[in-house]
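Here are my notes for you to read alongside the model. Keep the 3D view open and look up each residue as you reach it.

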Amino acid sequence: MSKLQQIDKLLKIKELRRRLAEMEAAKAKREMHLASQEVDHAKQQEIEIKQTSGHRRQRRLKEIIEPGKNPTLQNARIVNVYAITDQEIQASAFKTTMRIEQFHESEERLKLEQSKLARFLQIEERTRKLCDKLIDMKKVEAVRQG
């Protein structure tokens with residue numbers, strides 16, 4: 001491999017690494033944004049479930065309570081209705097908690113990717129002079145080769 005090709009390869013690798021670092025940071029930012037939207041959606045659902053739980057509970061109770069039926073069986077079903085509604089509320093709260101946790105994880109990933117990008121840019125700035133020399137060497141080598 002000629003010196004010119006080696007210099008080209010080094011410059012391409014540097015550019016590809018920079019693009020990769022930028023893409024990873026952008027991907028992490030996008031994931032954090034999506035996680036934020038999911039948290040908002042989960043919170044909205046949780047509020048909606050809490051607000052409509054009374055209505056849903058009443059509707060279920062109306063379906064269960066029938067005059068002339070076994071009162072013991074109806075009482076057991078009523079307890080189940082309350083348990084189901086409470087479980088829905090707990091499940092929505094758990095879902096919100098999980099979404100918040102995912103959001104925090106995506107925030108941490110974004111911070112990590114941004115720090116990697118910043119570190120890469122610092123290194124790139126330090127090596128800029130070397131790259132400038134490589135470009136000069138490339139020009140000199142191109143002139144030599146004709």
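1. Let's begin with a charged pair: the side chains of R18 and E124 form a salt bridge, with N and O 2.7 Å apart. R18 lies in helix α1 and E124 in helix α2, so this pair ties together parts that are 106 residues apart in sequence. Bear in mind as you look that this is a predicted model.

2. E124 has 10%, and because buried means under 20%, E124 counts as buried.

3. Why would such side chains pair at all? Side chains of opposite charge can do this when their charged atoms come close. In this model, the count comes to 14 salt bridges.

4. Now step back to the helices themselves. Two packed helices are described by the angle between their axes and the distance between the axes. Helix α1 covers residues 3-64 and helix α2 covers residues 71-145. Their axes come within 6 Å and cross at roughly 170°. Angles over 145 degrees count as roughly antiparallel, and α1 and α2 are therefore roughly antiparallel to each other. As for handedness, α1 passes α2 in a left-handed crossing.

5. What sort of residues make up the contact of α1 with α2? By class, there are 31 nonpolar, 10 polar and 28 charged residues in it.

6. R19 and E15 both sit in helix α1, four residues apart, which is about one turn of the helix. Their side chains meet in a salt bridge, at 3.5 Å from N to O. R19 is partly exposed, with a relative accessible area of 46%, and E15, at 32%, counts as partly exposed too.

7. Because they are three residues apart in helix α2, about one helical turn separates them.

8. Where does α2 bend? Follow the helix to T127, where a kink of about 45° is centred. Just after α2 comes G146, which takes a positive phi of about 110°.

9. Q6 has its place in helix α1 and counts as partly exposed at 40% relative accessibility. K29 lies in helix α1 and is exposed, with a relative accessible area of 52%. The C-alpha atoms of K29 and Q6 are 35 Å apart, and the two residues are 23 residues apart along the chain. Now take Q6 and L110: they are 104 residues apart along the chain, and their C-alpha atoms are separated by 34 Å.

Conventions. Residues are numbered from 1 along each chain as its sequence is written. This is a predicted model: local features need pLDDT of at least 70, side-chain atom pairs count only at pLDDT 80 or more; totals for chains, interfaces and linings use all residues. Side-chain values use heavy atoms; hydrogens and water are left out. Axes are lines fitted to C-alpha atoms, for helices over the stretch in contact, and angles run from 0 to 180 degrees between N-to-C directions. Helices (H or I, at least four residues) and strands (E, at least two) are DSSP runs, numbered from the N terminus. Angles under 35 degrees count as roughly parallel, over 145 as roughly antiparallel, 65 to 115 as roughly perpendicular and the rest as oblique. A crossing is left-handed if the near helix is turned anticlockwise from the far one by less than a right angle, and right-handed if clockwise. Ala, Val, Leu, Ile, Met, Phe, Trp, Tyr, Cys and Pro count as nonpolar, Asp, Glu, Lys and Arg as charged, and the others, Gly among them, as polar. Buried means under 20% relative accessible area, exposed over 50%, partly exposed in between (1.4 Å probe, protein chains only). The bend at a residue is the angle between axes fitted to the seven residues ending there and the seven starting there. A salt bridge is a side-chain nitrogen of Lys or Arg within 4 Å of a carboxyl oxygen of Asp or Glu.
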